[in-house]
Amino acid sequence: METVELAAGIFHLRGGSNMGLVVREGKGLLIDTGLDKDSGRRALRVIDELGVTLEGVILTHAHADHFGGAQAIQRRREVTVYAPSLEAAMMEHPLIEPLFLFGGAAPIGDLRHKFTLAKPCRVDQVIEPGPLQVGPFETTIISLPGHAPNQVGVAVGDVLFCADAVFPAATLQKHKVIFCFDLDEMLATLDRLHELEYAIFAPGHGPAYAGGEEIVSICAANRERLEEIRECVRAALTVPQETPALVQAVSDHFGLGLATATAYLLTRTTVLAALSSLERSGLVHPLVEENRLRWRLS
Ligand SMILES: [Zn+2]
């Protein structure tokens with residue numbers, strides 16, 4: 001894990017999933033915890049090396065790679081954990097994530113690994129957008145929905161920890177189809193994000209971006225990708241199609257080689273988000289005939 005000081009006492013702990021750490025008056029505030037007990041322990045090691053006491057943990061959203069390390073931290077430290085509503089329910093009942101990926105049924109074994117089924121954690125305080133004081137830390141919670149239903153960012157001073165509102169160029173390049181719960185909300189969040197007046201934007205994956213040109217350009221790249229996915233789904237509907245044909249069309253378009261049920265089901269969620277968006281715009285509607293649900297252009 002690489003520790004980067006973004007501003008005085010504000011650190012970006014970079015790994016598979018990034019964490020944020022703010023240090024002040026001998027106390028520490030952690031933003032997200034990484035995937036598992038190893039990432040939780042790594043965060044505690046940094047906190048110990050800085051010689052501060054962990055005061056609080058703010059969790060941005062209920063994806064396993066962001067809150068999976070929280071249980072290990074709670075077992076080792078007396079700490080207050082904060083999370084937004086709905087996301088908090090999923091952190092306390094992590095089965096919800098693989099359950100929704102599997103269409104609401106008991107998830108298959110492939111979805112029961114730590115990347116989609118985290119260890120549960122206790123959320124002490126549900127947070128809302130607006131100012132949040134945690135010990136000596138004055139933070140602002142900012143709503144950033146779309147990637148997850150009630151994802152939030154955490155602003156401290158001139159730095160906004162913006163979770164998975166925006167993905168780095170490396171992820172766009174490698175994974176192509178970024179995970180999305182509500183495509184319209186994610187687009188709206190991208191449009192708002194670069195207009196927020198922070199000097200530094202520190203996301204959950206990849207490097208931090210300077211306000212201005214840097215954040216504008218990565219937000220534009222994310223927007224373009226989401227629009228390309230939605231357009232790909234629309235273009236595949238020259239004849240009515242079932243969802244699996246659309247997952248295949250999108251995967252083929254981006255040259256993906258989906259190799260696991262989890263990879264397939266994550267991609268399917270983004271395709272379904274594109275269908276929701278098209279349906280909301282009146283461009284597509286579901287058609288059930290011959291016991292098949294197909295999507296048809298309106
Ligand atoms: Zn996420």
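1. Start with the zinc ion: its donor residues follow the spacing H-x1-H-x83-H-x16-D along the sequence. Donors here are N, O and S atoms within 2.8 Å of the metal (3.2 Å for Na, K and Ca), and water is not among the atoms, so sites may look incomplete. Keep in mind that this is a predicted model, where local features need pLDDT of at least 70 and side-chain atom pairs pLDDT 80 or more, while totals for chains, interfaces and linings use all residues. Residues are numbered from 1 along each chain as its sequence is written, and side-chain values use heavy atoms, with hydrogens and water left out.

2. Who holds the zinc ion? His61 (NE2), His63 (ND1), His147 (NE2) and Asp164 (OD) do, at 2.1 to 2.3 Å.

3. Now the domains. The assignment, which is automatic or from a database, gives domain 1 (2–165) and domain 2 (236–297). Their centres, over C-alpha atoms, are 31 Å apart.

4. Eight residues of domain 1 touch seven of domain 2 (contact means heavy atoms within 4.5 Å). About 540 Å² is buried between the two domains, with 63% from carbon and sulfur atoms; this is accessible area (1.4 Å probe) lost on putting the parts together, summed over both. Leu101, Asp110 and Leu111 supply 67% of what domain 1 buries against domain 2.

5. As for salt bridges between domain 1 and domain 2, the count is zero (a side-chain nitrogen of Lys or Arg within 4 Å of a carboxyl oxygen of Asp or Glu would qualify).
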